[in-house]
Amino acid sequence: MNLGDLHGPVPSGAGPVARTGHRICPLCESTCGLIFELEGRAVTRVAPNPEDLMSAGHSCAKGLGLARLEGDPDRIRVPLLRAGDGSFREATWTEAFEEIGKRLPEFVADPGSCALYHGNPAAHHLDSTFYLGELIGALGTRNVFSPASVDTWPKNVAHLLLYGSGLGMSLPDIDRTDYLLVLGSNPLVSNGSTITAPGMDRRLRALRERGGTLVVVDPVRTRTAEVADTHVAIRPGTDALFLLGLLAVVATEDLARPERVPRVVDGFDEVLALAAEYSPEIVAPVCGVDPDLIRAVARGFATAPSAVAHSRMGTCMQEFGTLANWLVEVLTIVTGNVDRPGGAMFTLPPAGGPNTWPVSKPPRLTFDRWRSRVRGLPEALGELPAVCLAEEILTPGPGRVRALITLAGNPARSLPNSAAVEQALREVEFMVSVDCYLNETTRYADVILPPPPLATRGHHDVTLAHFQVRNVARYTPPLLELGAGELAEWEILLRLAAIARGVPDLSTERLDDEVAAVAVRRAAKLAGCEPERVERATRDRRGPARLLDLRLRSGPYGDRFGEVEGGLTLALLEANPNGIDYGPMRPRLPEVLRTPNGRIDLMPELIVADLPRLRASMSRGHDGLLLINRRQRRGMNSWLHNALPQPDEGQCALLMSPADAAESNLVDGDRVTITSRIAAVRTELRIDRTLRPGVVSMPHGWGHDGPGLGTGRSAAVPGANYNVLIDDEQDLEAVTASPIFYGVPVTVTRASEGRD
């Protein structure tokens, strides 16, 4: 493969010429390096890039399926406007923005009445990373929502309270550790989550080959659990108690390592004294594991030369999610494994971020700065809990959400209580969606604005660079110029912002210059040079490329706009498409801390106050079935299901252990009804020996049904909607108000006699 074939983006009118070019996959935290093959403007094949410094030839089925996503015939490629009969008609960009210009200002004039929901894909792209804030500011709204409050907030908030930043998380130094404890994560299927470590199979194999230990805590014997040294088949929702049991062993057997704990840590003795009350014998019956196994894991972790714990979805989407994620950090810290090679460390992102930028005054934690109108639920990281979205639309009164903008999101299938969400979408007065599909959410929109193909975008994952387990900088430029009738997503966002600001005729170039002017001043301050010098150095670029260059050059490896010879610039990354390696993570305490006092408090009041509730939960009964979700190798939430469809509805089957099936007189292939406290769905049953008794499992994000969909392949195999079963009112995590998706009590009964 000749990687020198590509010398710039394909012009919009170019004919079919075979070419290749580098891409970074924008679908998940792995950010794998890929090679795109193109004929003219068509992506014909996607292959792993063996020379990429982070992924080294790894990619999953989703990344390799990007050609199908780019060429999906169901993709929306021109703006759509709702017609008088409720259908959609194709429109020009001028018509679309004129319609928005007529209707949106009314809601901007009513503060807070226009909400914004942005989906996971938006977190990866430079366009939304750099320009979404402009739209939010122009709307003047605090009603901002995303899936982060569904699946990540307990981890974000635990890190925020410990380290002062919900984005600059501690990361497992997986490539150097001797003992890796994984809770609620299946990285061999998910490819990692809140951890950028492509090629997890290779990394876990290397751990074993160097004599290390892998322990997986999960109710299911997942693909990752199958390769582990120890699989702890825990009862769903009891991870916090399991971790307290580990800490109790550390406390009572004098396994803590205070001599290796950084001096900026407070509450060391207090947290161990607290944990000592939760002996393995006390917590084991609730967790459904042997107390001797808890002791063995605790001793192995505490006595290993280096050790680290990593938690993800299964710990974030349960009743005691913030407690569990706090205790993961506490375990790593008290055993002397924070800020050390092989333990939990902090990356140094190339474009800088919250834990690299200097602070001139004590920082304020970005949590609970305001609350939602209806239930008074707390903000985190600038967003309100997504469980508020439906009620903020449906509940009358001053401040009611009357208009909605969605960006690359499908809340009708990503949020709990899908029935309430869809009712709200039907009743919202005006809705604009920036999306490439006519899906379960956008079918309710008044205007749909299509983003351009991925190949027209440059890519550097500013956000996910905070999760890299190695300090590597990478960028891939656009492979295609915008085609006729295509508009860059950053231009779409700026046009919407201009309408919201009441200056709809202001040119995109002028708007972009305004954004850049602010970025120039910040970059100059960070780099310690004059703004005029910064402006001159970057004036030849426009859009996200200019803003990224400003961030890179003023970042931790930057050239300081010519002052540091060989320092990082966007041009340097363009000349090194496989990336530039700045080495493994290195100790960063205390400079990484952004807590108000610059220290780590192991006993944050907000979290410790939830312990009595955890203690009280231990007296509950443990009968009945608990529903958990599961990852799928070809899916990511709901938005890839059309381009990468499942072969049949069996992929969305309910999995059940043989013992539970026998007790309920169910057999493989039965149609079953799954009933929660608020709803019921039907699906196929599959008997699966990997589940522990008392646990059933379904994937989330499915249920592609109902009128008006433009996604033919996913609608042909719609699957069952997990989210309709989840309560968005009563079943919330106490600290963050995240919905509880994991460990949901359900009943399972045969839906009809025989099989179908």
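Which residues lie nearest the centre of the largest cavity? In this predicted model, local features require pLDDT of at least 70 and side-chain atom pairs pLDDT 80 or more, whereas totals for chains, interfaces and linings use all residues. Residues are numbered from 1 along each chain as its sequence is written, and side-chain values use heavy atoms, with hydrogens and water left out.

Pro121, Ala408, Asp435, Cys436 and Trp639 lie nearest the centre of the largest cavity, within a lining of 26 residues. A cavity is a set of points, on a 1 Å grid over the protein atoms alone, where a 1.4 Å probe fits but cannot get out; lining residues have an atom within 4 Å of a point. Grid points are joined across faces, edges and corners, and a volume is the space filled by probe spheres set on the points. The largest cavity holds about 300 Å³, and ten cavities of 30 Å³ or more are counted. Its lining comprises 13 nonpolar, nine polar and four charged residues (nonpolar: Ala, Val, Leu, Ile, Met, Phe, Trp, Tyr, Cys and Pro; charged: Asp, Glu, Lys and Arg; polar: the others, Gly among them).

Seven aromatic pairs are present (ring centres within 6.5 Å; edge-to-face if the planes are over 60 degrees apart). The ring centres of Tyr163 and Phe346 are 5.1 Å apart and the planes stand at 85°, so this pair is edge-to-face. Tyr163 belongs to helix α6 (residues 153-163) and Phe346 to the loop between β14 (344-345) and β15 (367-371), so the pair ties together parts 183 residues apart in sequence. Helices (H or I, at least four residues) and strands (E, at least two) are DSSP runs, numbered from the N terminus. Tyr163 and Phe346 are both buried (under 20% relative accessible area, 1.4 Å probe, protein chains only).

Notes
Phe/Tyr/Trp six-rings, centres within 6.5 Å; stacked < 30°, edge-to-face > 60°. Buried < 20%, exposed > 50% of the residue type's maximum accessible area, 1.4 Å probe, protein only. 1 Å grid on protein atoms, 1.4 Å probe; cavity = no way out; pocket = protein on both sides within 12 Å on 5 of 7 lines; lining within 4 Å.
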